[in-house]
Amino acid sequence: MAKSQAQARPDQQTIERLVTEHYAAVYRFCARRAGEDAASDLAQETFLIMQKSYAKFQGKSKPSTWIIGIAQNVVRNHHRKTKIADVPLTDWLDPATPAHDKEICDRQALMQALGKLSPDHREAVLLHEIEGHTYAEIAEILSVPEGTVKSRLHYAFLQLRTQLAGGLQ
Amino acid sequence: MNVKENLKAYLDGELNEQERAQVEQALAQDPSLQQEMDQLTGLSSMLKSMAKPVPIKGYEATRERIASAAKPSLAFVWKTLGAVAIVSILATMFFPVFAQSKEAAKRTQDMMAAKAADVSSTPASGSTSSVTDDLSFEEKGEYTPGAGAGVDLKRKDYESFAGGADVRAKSRAPMEESRNGPLYGNNSESSKKSISEKSANPAPQVNTYNPGLTLNNGHDIVRNADLSVKVADIKSADLQVKAVAARSGGYLESSSVYAPEGEDVVRTASYSIRVDSHQFDRAVGQLSALGEVLSVSTSGDDITAQIVDTDARLKAMHSEEDQYLTVLKSAKKIGEILEVKDRLANVRQRIESLEAQKKNFKSLAQLSTITLSLTEDGGPVDKKPAEDDWVGNSVKNAGDILGAVGKFLAQTLIYVAILSPIWVPVLLIGFWSYRKTKS
């Protein structure tokens with residue numbers, strides 16, 4: 001009861017704490033999907049929506065997942081308005097980063113293979129491999145069953161391995 | 001799902017215990033699975049290492065925006081003020097409509113009650129069964145002080161003719177007593193004397209308020225009728241009209257007869273007849289029986305409020321008179337006596353004025369007016385179109401409809417234009433809110 005009352009009237013300190021804790025993740029999420037130019041506005045919009053709808057947050061998931069879910073909707077609306085069908089890989093991958101110790105294939109070939117994935121599979125890879133979300137978190141962010149996330153990641157990596165078959169060490 | 005499909009989830013630590021055991025068992029048995037898992041691990045590591053670094057921007061701006069959004073905005077204040085203003089304007093505009101509706105409802109209720117009373121008192125007459133009966137309490141005409149004299153002159157005739165009215169008067173006597181009782185119950189001696197004089201000398205009938213005019217709902221009604229009758233012979237009908245006027249305790253106020261000799265002449269006559277209100281229905285019935293009734297309408301003017309108001313003021317005046325009389329008895333100084341007498345004279349003068357006013361109301365209520373139009377049979381009153389001009393009628397009807405539609409559209413435009421101070425701000429606020437929500 002006390003918890004629900006606190007949720008119904010969030011204090012400003014709680015909101016500001018959430019902004020402080022999750023702004024970086026939300027900004028990166030937006031930048032990787034809509035570009036850095038639009039990322040600030042989209043991140044701000046995400047937190048404004050979070051502020052208005054905080055009373056509806058039931059605490060069933062982690063606040064980070066809930067906020068990223070809001071950001072996902074904000075970015076989706078942005079794509080709809082700007083008619084962006086596909087997010088450029090260069091927004092979230094940079095082949096010029098320092099090389100890994102155990103690189104099993106050519107980076108450009110990997111980029112090309114990623115470019116051939118479907119948007120759903122690529123999004124699953126981005127959420128899990130780059131942004132580090134668990135399957136359960138991805139399922140909530142994308143509003144799909146957890147089994148679907150598992151399947152998408154399996155087939156995404158299967159397709160990458162198939163594309164890179166000749167070049168894999 | 002086979003083991004290969006679970007390899008990625010195994011690497012990510014997303015399998016349950018049973019699935020994980022299955023994968024580990026398969027890995028131990030099949031070296032190719034280990035190679036496959038190594039490739040998955042290598043790809044995952046490469047992707048992580050290739051992640052583009054993203055410098056964070058806009059944090060402070062977002063903090064400030066969040067903080068300002070938490071404060072009550074001016075927009076909310078403006079919206080509230082706007083809503084209050086709109087409600088105030090609407091209330092101001094429509095309050096007269098509500099008040100009018102309430103008044104109209106009351107008027108309708110009174111009309112229904114009066115109509116019910118009128119139906120119950122209307123004699124059965126075959127000649128009036130097919131005509132319209134329009135009873136309303138619209139204010140018509142004005143009171144004529146001279147009318148009372150006519151009643152006095154014809155009163156004896158009326159008494160001998162209308163015995164039924166006496167019975168009704170007696171049956172309503174208790175109502176009159178209850179109405180006048182408090183009025184005269186505590187009066188001074190002079191007032192009592194005045195009453196006793198009235199009861200001893202009933203000759204000026206107009207001075208006695210007759211409750212026979214009081215309807216079932218307690219209203220005092222001055223009734224009027226407008227009657228149009230087609231008769232066979234205008235001259236014999238003229239005689240009968242005068243006889244009816246005489247028998248009905250009233251008199252012929254005015255008459256106009258146009259009856260020249262000749263076959264192609266339409267003879268007409270019109271009358272204004274004042275009859276005793278007790279004889280009103282009977283007189284209308286007798287006049288309707290002169291021939292074929294073309295139209296008849298009756299109306300009633302409710303003067304209950306005026307009578308009750310006069311009674312109340314009279315009561316107050318008599319009470320004041322009593323008080324002055326009491327003071328006068330106890331007064332000893334000449335100056336006091338003279339002053340009290342002066343005031344007493346003023347009060348009595350006002351009492352006499354009110355009593356005269358009351359008498360006027362009574363006399364007005366005692367007389368009803370019947371306006372009669374006679375037309376000799378064969379006149380042009382009933383002429384109908386010789387042939388059915390359906391084309392002309394259709395054109396006329398279509399024109400009427402077109403006119404009505406045009407009128408409706410014009411009225412709508414006028415309403416929209418005049419009410420624009422209401423709907424334009426509402427529209428603008430709605431549009432603004434929509435734009436803000438959308439943005």
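Chain A exposes about 8,500 Å², of which carbon and sulfur atoms supply 51%; areas come from the Shrake-Rupley method with a 1.4 Å probe, and for residues only the protein chains shown count as cover. Chain B exposes about 26,700 Å², with 58% supplied by carbon and sulfur atoms. This is a predicted model, in which local features need pLDDT of at least 70 and side-chain atom pairs count only at pLDDT 80 or more, while totals for chains, interfaces and linings use all residues. Residues are numbered from 1 along each chain as its sequence is written, chains are lettered from A and ligands numbered from 1 in the order in which they are written, and side-chain values use heavy atoms, with hydrogens and water left out.

**Fold and burial**

- Chain A has eight helices and zero strands, giving the pattern α-α-α-α-α-α-α-α along the sequence. Helices (H or I, at least four residues) and strands (E, at least two) are DSSP runs, numbered from the N terminus.
- In chain B the secondary structure comes to 15 helices and five strands.
- Of the 169 residues in chain A, 51% are buried; for the 439 residues in chain B the share is 33%. Buried means under 20% relative accessible area, exposed over 50%, and partly exposed in between (1.4 Å probe, protein chains only).
- Contacts (heavy atoms within 4.5 Å) with a separation of 6 or more in chain A are 64% between residues 24 or more positions apart. In chain B, 80% of the contacts between residues at least 6 apart in sequence join residues at least 24 apart.

**Aromatic pairs and charges over rings**

- There are six aromatic pairs over all chains. Rings of Phe, Tyr and Trp (its six-membered ring) pair if their centres lie within 6.5 Å; planes under 30 degrees apart count as stacked, over 60 as edge-to-face and the rest as tilted.
- One of these pairs is Tyr23(A) with Tyr59(B), edge-to-face at 5.5 Å centre to centre and 65° between the planes. Tyr23(A) lies in helix H2 (residues 12–34) of chain A and Tyr59(B) in helix H4 (residues 59–70) of chain B, so the pair joins two chains.
- Tyr23(A) is buried at 1% relative accessibility, whereas Tyr59(B) is partly exposed at 23%.
- Phe57(A) and Trp66(A) form a stacked pair, 4.4 Å centre to centre with 20° between the planes, and both residues are buried.
- One aromatic cluster is made up of Tyr23(A), Tyr27(A), Phe47(A) and Tyr59(B).
- The charged end of Arg33(A) sits over the ring of Phe29(A), 3.6 Å from its centre. The criterion is NZ of Lys or CZ of Arg within 6 Å of the ring centre and within 35 degrees of the ring normal.
- Across the two chains, the charged end of Lys8(B) sits over the ring of Phe157(A), 3.9 Å from its centre.

**Gln44(A)**

- Gln44(A) is in helix H3 (residues 36–53) of chain A and is buried, with a relative accessible area of 18%.
- Apart from neighbours within four places in sequence, Gln44(A) is in contact with Ala61(B), Thr62(B) and Arg65(B).

**Cavities**

- The whole structure holds two cavities of 30 Å³ or more. On a 1 Å grid over the protein atoms alone, a cavity is a set of points where a 1.4 Å probe fits but cannot get out, and lining residues have an atom within 4 Å of a point. Grid points are joined across faces, edges and corners, and a volume is the space filled by probe spheres set on the points.
- The second largest cavity has a volume of about 30 Å³, and the residues lining this cavity include Phe157(A), Arg161(A), Lys4(B) and Glu36(B).
- Helix H8 (146–163) of chain A and helix H3 (31–49) of chain B each supply at least two residues of that lining; H8(A) gives the most, with four residues.

Key:
1 Å grid on protein atoms, 1.4 Å probe; cavity = no way out; pocket = protein on both sides within 12 Å on 5 of 7 lines; lining within 4 Å.
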